[in-house]
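Here is a short note to read alongside the structure. Take the points in order and find each place as you go.

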Amino acid sequence: MTDTKKTNRRDFLFTATYTLGAIGVGATIWPFIDQMNPDKSVQALATTEVDITNIEPGKSITVLWRGKPVFLKRRTPEEIAEARSVSLNELKDPEKDEDRVKKGNDEWLVMLGVCTHLGCVPLADKGDYNGWFCPCHGSHYDVSGRIRKGPAPINMEIPKYEFVDNNTIKIG
Amino acid sequence: MSENYTPDSKVGKWFNDRLPLLSLASHLKDYPTPKNLNYWWTFGGILTFCLITQIVTGIVLAMHYVAHADLAFGSVEHIMRDVNYGWLIRYIHSNGASMFFLAVYIHIFRSLFYGSYKSPREVIWIIGILIYLLMMAAAFMGYVLPWGQMSFWGATVITNLFSAIPLVGESITTWLWGAYSVDNPTLNRFFSLHYLIPFLILGLVVLHIWALHVPGNNNPVGIDIKKPSKDTVPFHPYITIKDIFALLMFTILFAGFVFFAPNVLGHSDNYIPANPMVTPAHIVPEWYLLPFYAILRSVPDKLGGVILMFSAIFILFILPWLDTSKVRSAVYRPIYKQFFWILVIDIFLLGYVGAMPAEGLYLVLARVGTIYYFLHFLVVLPLVGYFEKTDPIPISISEPVMTGSANLGLAKKTDEKI
């Protein structure tokens, strides 16, 4: 055996050992990192069913889903018209009102009541755009929950939801 | 000197040969300290006192507190009403945090004024900023524990800062929460970390002092001195007695808050239990975080605001290299001295607008304040160092006092600061 060969073999052994060691350390650390993610009991609470029978047009209710408030607003025809009259160029995060509701259930706006800036709950019927206003850092949302003014980067999020029947919405 | 120290007793010598703790004690006792240190130099001792106070009161509070979303608020009220002297211990702890920050800000501004962060003391400075960062983390998590409205929404806003990170932001926030919002898992882990951080700080304090003892203290004149010499005095009793006197003055202020205005620095909304459905109309952090909060809100962009706020803190790490002047003390830097005071005013301004709603004139002031803050570090400091004509520096600490007319003016100038 020559010296070069010896060195190569030693290099290989070192690299293999370091690699295996790094994988071992990584595999050991991972449970300690992952334990901080939402656990099974938290994940189990991931859906909420809401009875919407008693909500009059123009009114809204707030329910808690996964620890966060969800706004369910039954909009009046005027409000829908207002939301749809806005040109997309005026929007910071362009999105049609039609895309934010379920087709055929256009009067129902179901949305996470969480400001996309830093997570506060915006106040209803406030702000410059007839929608919501976040008191924390001054974000204004319109009647479709779209960001119009202020530091929030995107529109208020629409969660996954479905109409179980005419009177019940399942969120999650 | 401690290097040549031998304990008097046989037992002491036997022990010291095996673990030189007595040599360490001797070093700390004889440690040569500049004889001209003024009262701004007493805050290191005061800060040590603050840390120990927080740890002792914190350990006691943890014996009565329950870290659960349903029970935390009640357990704090239980401490206030039922636990013997619980009200006192909690008020010491909550006001102690404010006192801790008051002292650390004076300590940092002292360093800024007298150039204590400059070579060869950069590592002391960097460790200090790390301590400051950990203090903010500990204070923030501690504020969450009573699980009042401000606790909950403060936690929500601060953890949401991380959601500004592109791509992985949401996952990181969920990971921090252990849920899909600030909830019981969040409270639990914050309690665990709030208990851990003070001990990390304690470890860094040991390194901070160790690093300090390598070059020795800076001093108001800002010149290197021979140690030991007639420019130095032993730490004990000369500095210890002065530190204790300053500490007593400080504890009068501390006790004033604890006994006469224990809630004046807090926010009344935190006496309302946390409610994830309603955000308080006006969210403000504790006073010591307000300047950074103002910077965050001055930017009309989420990621931009977060980056700028963190930069405002992290810029301090490179301060020793941003300041190009070789002269340490602002006493001999006529131009820097003015900019120093402008920075102080700027930070007070930011603190003020941070407490006000982010609109109208306040927003304009916040933007001006933010721009100036960064200008000070990134433009003013490097340029002033090059162009400033500094005043002549004395050769020794004694010189301004001992010599004649030429330096008498300087001596007076120094005295004013002292």
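1. **What contact means here.** Two residues are in contact when heavy atoms lie within 4.5 Å. By that rule, the contact takes 28 residues from chain A and 30 residues from chain B. Keep in mind that this is a predicted model.

2. **The interface between the chains.** How much area is buried between chain A and chain B? The figure is about 2400 Å². Carbon and sulfur atoms give 65% of this area. The count of salt bridges between chain A and chain B is zero. Polar contacts do occur: nine residue pairs across the interface of chain A and chain B, with both residues at pLDDT 80 or more.

3. Helix H2 (40–44), E2 and E3 of chain A each supply at least two residues of the side that touches chain B. Which of these elements gives the most? E2(A) does, with three residues.

4. Phi of Arg66(A) is near 50 degrees, a positive value in a residue other than glycine. Most residues other than glycine have a negative phi. Is Arg66(A) buried, partly exposed or exposed? Its relative accessibility is 29%, so Arg66(A) counts as partly exposed.

5. **Another positive phi, in chain B.** Leu167(B) is not a glycine, yet its phi is positive, at about 65 degrees. Leu167(B) sits in the loop between helix H7 (149–160) and helix H8 (169–177) of chain B. Its relative accessible area is 87%, so Leu167(B) is exposed. The cut-off for exposed is over 50%.

6. **A buried aspartate.** Now go to strand E7 (residues 139–142) of chain A, where Asp142(A) is found. Is Asp142(A) buried or exposed? Its relative accessibility is 2%, so Asp142(A) counts as buried. Buried means under 20%. A polar atom of the Asp142(A) side chain lies 2.9 Å from the backbone nitrogen of Ser144(A). What else does Asp142(A) touch, leaving aside its neighbours within four places in sequence? The contacts are Leu91(A), Tyr129(A), Gly131(A), Trp132(A) and Arg148(A).

7. **The nonpolar cores.** The largest nonpolar core has 124 residues. Those with the most contacts inside this core are Phe101(B), Leu112(B), Phe292(B), Tyr373(B) and Phe377(B). Take Phe101(B) as an example. Leaving aside its neighbours within four places in sequence, Phe101(B) is in contact with Tyr132(B), Met135(B), Met136(B), Ala139(B), Trp287(B) and Tyr288(B). There is also a second, separate core of 13 residues. Its members include Ile52(A), Ile55(A), Val110(A) and Leu112(A).

8. **Two domains in chain B.** Chain B divides into domain 1 (31–283) and domain 2 (298–397 + 406–418). Their centres, taken over C-alpha atoms, are 23 Å apart. How many residues of each domain are in contact with the other? The contact joins 38 residues of domain 1 of chain B to 39 residues of domain 2 of chain B. Together the two domains bury about 3200 Å² between them. Of that area, 72% is on carbon and sulfur atoms.

9. Domain 1 and domain 2 of chain B have two salt bridges between them. Separately, note the salt bridge of Asp323(B) with Lys118(B), where the closest N and O atoms are 3.2 Å apart. Helix H5 (86–114) and helix H6 (122–144) of chain B each supply at least two residues of the side of domain 1 that touches domain 2. The largest share of that side, seven residues, comes from H6(B).

10. **Two cis peptide bonds.** Most peptide bonds are trans. Pro120(B) is in the loop between H5 and H6 of chain B. Another runs from His236(B) to Pro237(B), with omega near 10 degrees. Pro237(B) lies in helix H10 (residues 235–260) of chain B.

Key
Residues are numbered from 1 along each chain as its sequence is written. Chains are lettered from A and ligands numbered from 1 in the order in which they are written. This is a predicted model: local features need pLDDT of at least 70, side-chain atom pairs count only at pLDDT 80 or more; totals for chains, interfaces and linings use all residues. Side-chain values use heavy atoms; hydrogens and water are left out. Helices (H or I, at least four residues) and strands (E, at least two) are DSSP runs, numbered from the N terminus. Buried means under 20% relative accessible area, exposed over 50%, partly exposed in between (1.4 Å probe, protein chains only). A polar contact is a pair of N or O atoms within 3.5 Å; within protein, one must be able to donate a hydrogen and the other to accept it, and residues adjacent in sequence count only if both atoms are side-chain atoms. A nonpolar core is a set of buried Ala, Val, Leu, Ile, Met, Phe, Trp, Tyr and Cys residues joined through side-chain atoms within 4.5 Å. Domain bounds come from an automatic or database domain assignment. Buried area is the accessible area (1.4 Å probe) that two parts lose on being put together, summed over both. A salt bridge is a side-chain nitrogen of Lys or Arg within 4 Å of a carboxyl oxygen of Asp or Glu.
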